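Thanks for coming. I will go through one structure today, a part at a time.

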Amino acid sequence: MDHFIGADTGGTFTDLVIIDSEGNLTFEKAMSNRQDPGKGVRNALASGAELIDSDVSTLLASTLRFAHGTTVGTNALIERKGALVGLICDAGFEDTLRIARGPLGRNLGVPITQALDFIHNPNPPPLIPRERIRGVLGRVASDGVEVEPIDEDEVMRALKELAELGVDSVAVCKLWSFLNPAHERRIGEIAREQFPDLPISLSSEVSPVLGEFERTLTTAVNAFVGPPIRAYIERLNDGLAAGGLRHSLQVMKCSGGLTLPQNVEREAAAIINSGPVGGLVAAQYLSQVLGYDNVVTSDMGGTSFDVGLIREGEFEYDAEPCLDQGLPVQTPAVKVVTVGAGGGSIAWTDGDRLLVGPHSAGADPGPACYGKGHEPTVTDVLVVLGILSPDNFFGGRKLLDVERAREAIGRVAEPLGLGIRETAEGIYEIVTARMADLIRKVTVENGYDPRRFALLAYGGAGPAHAALYAKHLGIRDVIIPPSSSVFSALGCALSDVKYSYARSEPLVLDAADPDSFMRFNTTLEELEEVALADVDASGRNRDEVTLRRTLDVRYRAQMNELTVPWTGGVLDGSSFDVVRSRFETAYEGRYGQGTTRSESPLEVITFRVDAIVPTVKPELKSEPLGPADASAAISGTRMVSLRHIGELEHTVYRGDELAPGHEIKGPAVIERRDTTVLLPIGNTATVDTYGNVHIHVNSGDDQ
Amino acid sequence: MAPTSDRMAALDPITYEVVKHRLWQINDEQGTTIRSLSTSPIVVEGNDFNVGLFTAEGDLAVAGPYVLSHVTTMDAVIKNVIARVGDEVAEGDMYLVNDPGLGALHQNDAAVVAPVYFDGRAVMWVGNVVHHADLAGIDEGSFCINATDIFQEAPRYFLKLVERGVLQKDVEYTFVNNSRLPESVALDLRAQIGAINVAQERLHDLLTEHDPATIAAATERSVDDAERRLRALLREIPDGAWQADAYMDGDKVGSDRILRVHVELRKEGDELTFDFEGSDPQSQGPANATMYACYAGATTPVYALLCGGDIDWNSSIKRCVTVTAPEGTVVNARYPAAVSLCSIGFTWLAATAAWKAVAEMLLGSPAHRDRSCPSWGVSCNANNLFAVDDAGRLRGALLSDHRGGGGGAKPDADGLDHVGVSFSALSFMSNVEGQELKLPIRYLFRKRLADSGGPGRFRGGQTVVSAMTSTGTTQVTWKSQNTAGSDQSNASGIAGGYPGAGSQVVVIRDAAERFARDPDDALASLAGASEGVEHQPTKSEGRFGPGDVFLFHAAGGGGFGDPLTRDVAQVVADVATGCVSVEAACEHYGVLFGDTGDVDHQGTATERFEQAFARLGQRSDDGEALLGDSCPECGGLDPERRDGTVVVSSQELRDAGPWIGIRWAGRSPNFGLEITACSRCASLRNVREVRKADA
């Protein structure tokens with residue numbers, strides 16, 4: 001039998017999913033190893049093989065696809081442990097990276113409370129210190145015309161100085177190079193002639209997009225994390241190949257697609273923070289299978305809460321995701337909004353208020369009930385309220401100390417003059433309401449009403465809260481997949497290979513100006529050609545590929561663009577209005593009726609082409625619906641307390657024994673190996689043909 | 001309804017936390033709506049707007065994180081609306097107010113405010129303020145640098161924009177049609193209305209879920225909470241009084257008049273008073289502040305340095321902070337003074353002076369000394385460019401490079417470089433490519449300005465200098481609304497640190513090639529009067545063409561402590577990264593380099609002693625200058641110690657660095673430095689910019 005494997009490295013666990021050609025899904029977790037991330041993958045693989053009564057080499061030999069989400073790039077960037085990079089840019093603009101558009105370099109990508117702290121929020125350490133930056137003469141103007149030629153001797157000198165400083169690679173970013181890359185290319189040629197062993201990244205190749213700060217940064221980040229990512233992926237790929245894997249390893253990108261080992265260095269920036277995107281890919285797949293158009297996803301783990309959107313089957317994209325404090329890069333990413341709130345978030349008091357977060361107990365010391373820490377976390381609250389069973393946590397592999405959890409909460413309860421249970425109920429309510437607020441923010445910011453969405457809840461900790469935050473939001477339908485705790489790994493296994501290219505070619509669309517049409521068409525053609533060249537290089541046939549073209553459009557002189565799909569083929573006078581109607585439909589959808597201005601000219605800033613190579617994908621197994629009676633899966637009852645409801649007896653179900661067609665009435669708790677679903681009173685749940693639990697949220701008032 | 005205290009007691013901490021977070025979220029949605037719909041770079045990149053939720057009485061309960069000075073002015077607007085037409089207000093009404101006499105910061109800042117009704121009763125207010133790109137007046141952009149009274153500036157409105165849910169089209173037409181940029185104003189106004197609608201709808205849901213009494217109790221409690229925490233913080237700071245000055249050099253086009261803002265900050269127990277007695281009489285120009293604007297300026301450092309991200313921004317501040325200013329002064333101008341420039345004029349300078357005074361207060365506070373940062377983006381060197389390009393299209397925009405000004409140093413760290421402006425943490429600079437796409441200009445360079453951070457034991461933050469020429473047009477018109485900083489800098493240092501760079505616009509004729517090829521050399525040629533170099537006064541207008549250079553920089557940050565005590569290794573690092581020149585290393589820090597480029601340690605030690613003795617009017621063989629922490633006279637500059645004999649002397653501005661008063665080559669006839677040093681160890685206790693006429 002053939003297999004498909006997805007492996008996703010997270011902060012605590014490395015998750016692995018194995019799907020066989022019949023659609024059976026097996027998953028396993030191993031501890032992540034920060035020093036040797038490949039070890040986590042190998043360990044998960046070994047125990048995963050055991051679970052399907054096989055061994056690693058048999059499993060690998062029968063694997064059609066092995067896809068991997070890695071945090072190697074993320075860690076190298078955050079810890080500033082990447083390559084030694086030199087930068088060549090325009091003379092007079094050597095400080096662009098440090099100036100970082102003023103306060104943006106300090107205040108973008110941090111929580112607002114940090115940005116408002118004028119005194120205690122310093123600039124992050126630079127990726128490239130000033131001494132490794134060289135400005136060279138040679139200037140291209142905003143229309144792409146050369147104003148001043150480059151001085152080749154000066155370029156040679158700059159390269160030599162950087163080489164003498166021992167740089168691992170050189171990034172090159174000149175003004176307006178996305179319109180006219182001649183200077184950058186010449187610098188690249190000189191470098192290859194003079195220093196053939198020195199890797200060079202040109203911004204006109206890495207990211208030919210308007211905005212010199214973000215373009216320089218994208219090129220620099222790429223050069224900085226490329227070598228460590230490549231080294232890791234090569235080692236892992238070689239190891240897997242030696243173990244019997246016949247097809248090249250594939251690597252997850254933020255765009256929701258995969259790439260191949262030979263491209264990871266070139267696409268390094270796109271591999272950073274790809275973990276949560278895997279979950280979105282799985283969510284997209286699942287919503288398609290189940291027939292949902294609009295889905296909001298929530299992924300709650302130990303330290304973070306991630307929210308994503310799928311609308312009309314498509315992802316929302318962020319054209320310039322911020323990777324970390326002050327690091328916005330031009331690498332289109334599936335939009336995922338993260339806040340630092342998870343099972344490990346610590347509750348505290350200033351004697352007057354009851355607060356939760358932003359500090360987290362993390363994996364070490366972890367929640368008090370794990371037996372090491374003393375501070376009360378959200379996980380401790382779940383144990384004290386009876387939502388989590390102390391004996392059945394993580395499939396019974398970890399026993400929880402309820403008394404220790406109660407003591408920890410008691411320390412917060414006492415100064416407030418509240419009881420332990422009351423305090424625990426309060427913390428649960430505060431956290432749940434806050435999650436609802438965040439989901440609402442994400443949907444509203446994109447112009448949507450959350451009530452028109454279904455909620456897909458995954459991650460180890462989310463299903464214990466989902467029914468209640470859905471109710472806050474007016475969402476009626478909550479879906480909890482059986483693979484909830486390994487959803488990102490599942491997404492890796494379900495992804496397509498994708499080659500993405502973008503280029504800015506700012507032009508005002510003018511029906512009377514054939515030149516604007518010509519530039520429009522030429523730009524798209526050129527982008528398609530480079531994307532298809534990648535397809536050729538990978539040995540695949542161009543016919544199999546789906547091309548997706550999008551345009552970043554705005555009204556002339558606006559500050560922000562909207563990305564709209566372009567399926568109109570060659571642009572001419574007759575299809576001219578199509579661009580406008582696409583744009584204005586999207587605009588009204590986001591900003592409301594009556595906000596468009598049909599008399600204002602349209603400006604296209606950036607053109608984007610994705611070549612999607614369909615890959616053989618497993619089909620998840622579906623089983624026919626059986627009888628509704630789920631009583632065989634009942635393991636007993638326990639008391640659960642919730643604010644405004646009080647302490648009630650909840651029926652406890654063994655999640656692994658639930659079958660398609662089963663119906664459960666709340667109050668109930670469904671215990672799975674690695675996650676617990678709370679079904680509060682008044683709600684019902686059903687199990688679908690894929691084993692997903694659907695909660696039908698009661699929108700009325702408390703019963 | 002039960003009395004306040006009962007309601008608040010009935011509010012449990014859980015409901016409070018849930019409601020409070022929801023209120024923040026609702027207000028955030030208001031802000032998101034405005035940012036999404038606005039077409040104006042002033043709003044989208046500069047974030048020059050703000051949003052708020054208010055109690056039924058108009059007290060601010062929740063403020064957005066955008067421009068600080070709108071935080072206190074929005075509730076003034078609502079209170080004025082309630083005072084004037086409160087008995088006529090009905091459900092579904094929205095008012096539009098941009099009258100500085102009714103609380104608007106200046107005429108560009110139009111507030112849209114509306115009551116929130118529930119069960120037929122007004123239970124809250126919501127409001128937002130947006131800086132509109134142009135609302136008329138004699139100068140483009142409505143910063144009327146030529147105005148001499150309020151009648152030459154943008155019209156002042158107090159209008160019922162929406163009546164019982166119906167947009168009043170005649171009102172909208174009048175407001176929009178008076179602008180030079182009606183399209184932009186129309187869209188921004190729609191954005192403001194949309195934002196109010198969003199907030200009202202969401203508040204209605206919340207009121208239904210929890211009932212008005214609970215929401216009122218939660219808003220009251222959040223204000224009480226912030227008040228309690230701010231008072232607790234203030235009690236940890238020793239009582240006292242501190243003085244500070246800020247100057248405007250040039251108050252309108254064609255005027256070099258110097259005007260002073262003076263403040264005394266008094267701290268008693270858990271309350272602060274900013275007293276502006278001693279500030280100069282109001283100006284004939286447009287930079288005057290109203291009392292509302294003065295309050296907004298003076299409280300800026302309270303939000304930024306004391307509240308930060310930790311204590312919520314709301315009307316609690318009004319309960320702990322009093323601001324007074326004599327009527328008829330630049331910081332409390334009498335009607336009909338022109339005020340259209342006040343937000344970046346005397347409001348800005350009120351903030352600058354208050355900021356310095358708060359830093360002095362914090363310097364003497366063992367618990368909070370780390371917050372003693374004397375200056376932060378002290379000038380708004382805002383320049384508007386307009387041109388008809390070769391294709392015949394009018395193009396215009398505000399440059400944003402002034403958001404690269406420096407921040408002051410602190411007792412434990414150098415100042416932050418290019419921090420932006422004190423009024424907003426979220427006001428970003430545009431890309432060079434973005435500006436070149438929008439305007440017919442080509443940048444020649446944009447870089448950190450070496451030696452722009454005030455010398456000190458910890459160096460002030462650097463500012464950014466930009467230079468550009470015109471391209472694709474015959475000429476570009478500029479309108480410059482630089483706050484101040486052409487004749488001095490306002491970029492105060494503290495505890496013996498020197499001030500940072502001033503804020504200057506320079507036009508250099510026929511020099512584009514030279515500036516592009518060698519920026520550092522070209523910059524060095526700007527000091528003092530010379531052929532083809534036109535140092536602009538702070539309020540100016542004019543034209544430049546192809547080959548000409550339009551150059552400007554905002555202020556740097558001030559230093560902390562005596563520069564002669566700066567760690568030599570840090571000076572060396574600054575020289576290596578180009579923050580400090582070799583010349584400045586010697587002149588300000590007494591650090592000498594040998595022929596090989598390495599530090600001459602012996603020479604450095606001697607140089608530092610020579611410079612220290614010079615402060616005492618002595619030579620090194622005359623006495624015992626220590627520059628040390630063990631001085632028995634000043635206790636090593638122990639901030640608690642205010643006794644000890646000192647030597648006071650004068651220096652030229654040039655002695656603080658090459659970028660102050662550059663039109664005088666640092667030797668201003670109007671300003672100089674007053675240096676106060678310990679009479680025994682020669683350590684600097686204080687360095688300040690003083691008006692020579694006052695000395």
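**Where the two chains meet**

Let me start with the contact between the chains. On one side, 59 residues of chain B take part, and they are in contact with 55 residues of chain A. Several elements of chain B each supply at least two residues to the side that touches chain A: the helices α2 (13-37), α3 (41-44), α6 (182-210), α9, α12 (432-438), α13 (512-517) and α15 (568-577), along with strand β14 (441-448). Which of them gives the largest share of that side? That is α2(B), with 12 residues. By residue type, the side of chain B that touches chain A divides into 25 nonpolar, 17 polar and 17 charged.

Before going on, please keep in mind that this is a predicted model. For chain A, the average pLDDT is 91, and 98% of the residues score at least 70. Within chain A, the element with the lowest mean pLDDT, 84, is helix α18 (residues 576-591), and the one with the highest, 98, is strand β5 (residues 85-90).

In order, they are B:T300, B:P301, B:V302, B:Y303, B:A304, B:L305, B:L306 and B:C307. Just after the helix comes B:G308, with a positive phi of about 55 degrees.

Next, the domains of chain B. The assignment gives domain 1 (4-229) and domain 2 (373-613). Taken over C-alpha atoms, the centres of domain 1 and domain 2 of chain B are 37 Å apart. Their contact takes 15 residues from domain 1 of chain B and 15 residues from domain 2 of chain B. On the domain 1 side of that contact, eight residues are nonpolar, four polar and three charged.

Last, a set of strands in chain A. Strand β27 (residues 634-642) runs antiparallel to strand β28 (residues 646-654), and eight bridges join the two. One of the paired residues is A:L642, whose bridge partner in β28(A) is A:G646. β27(A) and β28(A) form a hairpin with three residues between them, and A:H644 in the turn has a positive phi of about 70 degrees. β28(A) is also joined by four bridges to strand β30 (residues 668-671) of chain A, and this pair runs parallel. There, A:R654 has A:E671 of β30(A) as its bridge partner.

That is the end of my part.

How values were computed. Residues numbered from 1 in each chain as written. Chains lettered and ligands numbered in written order. Predicted model: local features only at pLDDT ≥ 70, side-chain atom pairs only at ≥ 80, totals over all residues. Buried ≥ 20, exposed ≤ 12 C-beta atoms within 10 Å, placed from the backbone. Contact = placed C-beta atoms within 7 Å. Nonpolar A, V, L, I, M, F, W, Y, C, P; charged D, E, K, R; others polar. pLDDT = per-residue confidence, 0-100. Pairing = 2+ DSSP bridges. Domains from an automatic or database assignment.
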